[in-house]
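Hi,

Here is the structure I promised to pass on to you. Have a look at it first, and then read on for my notes.

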Amino acid sequence: MPKGQPSKNTIRTERWSQKNGYITKGFKMYRSLADEFKAACEKNGEPQAVVIQRLMREYIDQNK
């Protein structure tokens with residue numbers, strides 16, 4: 001659960017995420033790469049998270 005005095009909405013969101021198996025992944029990368037990726041996603045009208053998930057699934061399938 002969040003630290004401090006989280007709002008009721010934050011608590012509900014965290015509870016929903018845990019129940020549905022959602023996690024937050026964080027990693028470092030070069031800003032230039034991140035900016036290019038963001039621009040490419042915007043150009044194609046796709047959310048960055050959707051594209052990253054698709055890339056992860058393709059990578060997993062290729063390496064089974």
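To get your bearings, in which helix is the place of D35? D35 sits in helix α2. One caution before going further: this is a predicted model. At 44% relative accessibility, D35 counts as partly exposed, because that value falls between the 20% and 50% limits. From D35 to I52 there are 17 residues in sequence, and the two C-alpha atoms are 14 Å apart in space.

Overall fold

The chain has three helices and zero strands, and its order along the sequence is α-α-α. Its radius of gyration is 16 Å, well over the 11 Å that the globule rule gives for 64 residues, so the chain is more spread out than a compact globule. Along the principal axes, the C-alpha atoms fill a box of roughly 40 × 30 × 25 Å. Buried residues make up 5% of the 64 residues. The accessible surface comes to about 6,400 Å², and 53% of that belongs to carbon and sulfur atoms.

The helices and what follows them

α1 is followed by G21, which has a positive phi near 75°, and just after α2 comes G45, with a positive phi of about 70°.

F27, by contrast, is found in the loop between α1 (8–19) and α2 (31–44). F27 counts as exposed because its relative accessibility is 56%, over the 50% limit.

The aromatic pair

There is one aromatic pair in the structure. W16 and Y22 make this pair, with 5.2 Å from centre to centre and 45° between the planes, a tilted arrangement. W16 is partly exposed, at a relative accessible area of 48%, whereas Y22 is exposed, at 54%.

The salt bridges

How many salt bridges does the structure hold? It holds two. In one of them, R54 is joined to E46, and the closest N and O atoms are 3.0 Å apart. R54 counts as partly exposed at 35% relative accessibility, and E46 is partly exposed too, with a relative accessible area of 27%. The side chains of K64 and D61 also meet in a salt bridge, at 3.8 Å from N to O. That distance counts because the cut-off is 4 Å. K64 is exposed, with a relative accessible area of 79%, and D61 is exposed as well, at 52% relative accessibility.

That is what I have for now.

Best wishes

Key
Residues numbered from 1 in each chain as written. Predicted model: local features only at pLDDT ≥ 70, side-chain atom pairs only at ≥ 80, totals over all residues. Heavy atoms only, no water. Helix = DSSP H or I, 4+ residues; strand = E, 2+ residues; numbered from the N terminus. Buried < 20%, exposed > 50% of the residue type's maximum accessible area, 1.4 Å probe, protein only. Phe/Tyr/Trp six-rings, centres within 6.5 Å; stacked < 30°, edge-to-face > 60°. Rg over C-alpha atoms; globule rule 2.2 N^0.38 Å. Areas by Shrake-Rupley, 256 points an atom, 1.4 Å probe, with all protein chains shown as cover.
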